[in-house]
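Have the sequence and the 3D view open side by side as you read.

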Amino acid sequence: MKRHCGLVTKKEYRVPLRYISVTLSINEFVAGATATFYYENEEQAQLEATFVFPVDEDTAVYSFEALVDGKKIMAELQEKTKAHSNYEDALKQGYQAYLLEEDDYSRDIFACHLGRLQPGAKVAVTLRYVQELPLEADGALRYLLPAILNPRHQLSEESASSYLNIKEPLFPVEGPSYTLSIVATITSQHGIERVQSNCSLSPIQYLTDDKTSAQVSLAEGHKFDRDVELLIYYTEVRSPTVAVEMGMPDRKPDSLMGAPSAMVSFYPAMPEVEASSVCGEFVFLVDCSISMQSPLNNQNKSELRIEAAKETLLLLIKSLPVGCYFNIYGFGSSYEKLFPESVKYTQESMEEAVERVKDLEAELGDTEILTPLCNIYKAPSIPGHPLQLFVFTDGEVTDTFSVIQEVKLNSKKHRCFSFGIGEGASTSLIKSIARVSGGSAEFITGKDMMKTKALRSLKFALQSAVEDISLTWDLPPGLSANMLSPKETAIFRGQRLIIYAQLTGFMPLMESSGKICLKYTIQGKSIENRVTFSLQPKTNDSFTIHRLAAKSLIQIKDLGPSKTPEREKEDVVNISIQSGVLSSFTAFITIMKGLNQPVQCSAVHRLIPRPVAFDTGIALPQIITPNYKPRFRLRPARYVTNFQDHIDYEKQSSVLQKKPRVFKLIPVTDSSTRKNNLQNDHKAIGENVAGKLISLQNANGSWKLDEDLAMILGTNLEDIKAANPAKHEDPSAWAAVLVGLWLHANAKDFTGHFLKKRVMAWLHNHGGSSIPMLVQAANGLLKVSVNPDALGF
């Protein structure tokens, strides 16, 4: 059997998409892009081509145009039903027509339709969009151009028409024959340190001597077979800013697009306060569907998604605070619980969870997250322990809006911290469930920064609740600010906060300034963050701030055709039409009547192949039949719940007991080999070693003084015991001091800093008066020089 890839469909017709070109302009933390798709019909028949492709959830698409025979035709944004009707009418009459729309069931999937593409015709269609760039844990701004669009699970009959359910044509990992080029121009007043990518880049070219402007591009001949990620590092990225943009001169002065708009970027300067004594209930919801057997990315030797999820989950379990409650759910076509209900975090429960997670397999059929979510929300809350939900998934769910709505309905009782695992994870699902619940979202597409991202989310979850959040403006008389962003309900230390507002009234003729103050209370302390800004609006032909503000409003109101109330639907359409920003209720359409004579014969339909991340050598079904039974059990069957009905444990138990439990065989290595491996790891100081220290930590935050700890610290157990000045006391304090000093001297990254804070907290509670003596002895043993004052003693 032939494997269909590149420009050939399963029927061996040549597909018309030839080339994709992206011109990217990044200014500070906002990206504007122009993406052009070049098509050529090499067949003898007319074509109607459809290209389904992913975008980032935060993308605001505001322009669509076609270039045919040298003539540029701008598309009009219309209500979607009307646009579809006009498109179909145009095709029936034999005219060329082009349609761009967002999928009804996910905000990060678009479809581009080219109707009546004449034999030999060459067409270029261009879309323009703007988006905010998220701030990564290491201070990088992340731009993502998604390529991977994975098959997603069909939840209901009404979502059967979603573009996510198109099974053919797909091409394998080798990639398409259509290529991609990206040229990115980057500007920042703070200076550009470097640009990194998961793809080959040309050397960075600085356009100014002060390195405030630079340009990079993809290496020539790049096949669009993977997500393209750019990481941009500025010399300073956490300065608060306010940008004011002029409105459109031809619009009403007080309208959404006519009035000036302001974009406020805060990095709340919260003091580091002790974590709240209220620990919380931590529930981990882990995707164990078959798609999690796919690699994280399309690069060679990429780790499987399920392994990345397990590694991240193990790190979080080992890092939970003493006194909290926790539970783990595995889900696919059915779901499983580790415990019948959340249990207290103890050494025993932690060890059981660690062993169970190590055995997790991606064997639970398709990705069905909605039912386990509902089960979690229905469970009784634990007094004094607010729910913190951690979701790990590759995001392959068709009816994304249903999941988002469920999370939003329960947003007052929990926060959701989501992790998109692997390329192709739904940015719409991952970002939205975090946003509507006041949590945070992370994407794991490789080993780099995985631990840092996981621990950053946990650190956010452990922060004390921020209360009494308010925003006040100090503007000249006659000028006022109308908020376009929703009221903030959660603020995290170190996380960027973006606010949009409309400035109405009389803008001062003379140069003047305004002030904005962000106020909030944390652990009874009132904190204010202020910034002063110029009130001289700048002109921008793309009206970037206005478009982003409109996108923010649309995200709040737009929950897809089946979930959005009629009143909100009208608002979404009005905002979309006014701003030109696409929504799930609008579509871009252009019809060309004058270029060719109408032809009444039917057009042949072609689907442009799209990349998927599957390369596991197994068949990955999209729809699992009701008779599908998962082979792996997180717990005995009485804790397993099927979506159709509860499993009858009495009927199942006799069958299950006859099946032998299959365990993985782990190669046994002698102690010298293990020691050499650990010593080699010790050379990679930083996140990896800090992660190994976390894996050895007890539930109460202490360490056992043993060979494994000695090897990580670069010494041996005999020397450690001999150097202990308090040999007759509990060695836990001595072990903790050694770890604390080692981290202070060696691990400078986020993971090391996070762990050091935990060590210091444990020592403050359990160390006693011998700490200075232990620190002095540890300095001599580890050959470092750390002052006890630096550790807070």
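How many bridges join strand S7 to strand S32, and do the two run parallel or antiparallel? Six bridges join them, and S7 and S32 (residues 586-592) run antiparallel. Please keep in mind that this is a predicted model.

S7 and S8 form a hairpin, with six residues between the two strands.

Now turn to the side chains. Gln-96, Tyr-98, Leu-100 and Glu-102 point one way from S7, while Ala-97, Leu-99 and Glu-101 point the other way, and all of them are buried. Because seven of the seven residues of S7 (residues 96-102) are buried, the strand is largely enclosed by the rest of the structure.

Side chains of opposite charge can pair when their charged atoms come close. The side chains of Lys-310 and Glu-307 meet in a salt bridge at 3.5 Å, N to O. Lys-310 is buried, with a relative accessible area of 5%, whereas Glu-307 counts as partly exposed at 29%.

Glu-311 forms a salt bridge with Lys-451, with the closest N and O atoms 3.4 Å apart. This pair links distant parts of the chain: Glu-311 is in helix H2 and Lys-451 is in helix H7 (residues 450-462), 140 residues apart. With a relative accessible area of 24%, Glu-311 is partly exposed. Lys-451 has a relative accessible area of 14%, so this residue is buried, the cut-off being under 20%.

## Another pair and a network

Is Arg-530 buried or exposed? At 59% relative accessibility, Arg-530 counts as exposed. The side chain of Arg-530 meets that of Glu-528 in a salt bridge of 2.7 Å, N to O. Glu-528 counts as partly exposed, at 40% relative accessibility.

Some salt bridges share partners, and in this way Asp-56, Asp-58 and Lys-431 are joined into one network.

Key
Residues numbered from 1 in each chain as written. Predicted model: local features only at pLDDT ≥ 70, side-chain atom pairs only at ≥ 80, totals over all residues. Heavy atoms only, no water. Buried < 20%, exposed > 50% of the residue type's maximum accessible area, 1.4 Å probe, protein only. Helix = DSSP H or I, 4+ residues; strand = E, 2+ residues; numbered from the N terminus. Pairing = 2+ DSSP bridges. Salt bridge = Lys/Arg side-chain N within 4 Å of Asp/Glu carboxyl O.
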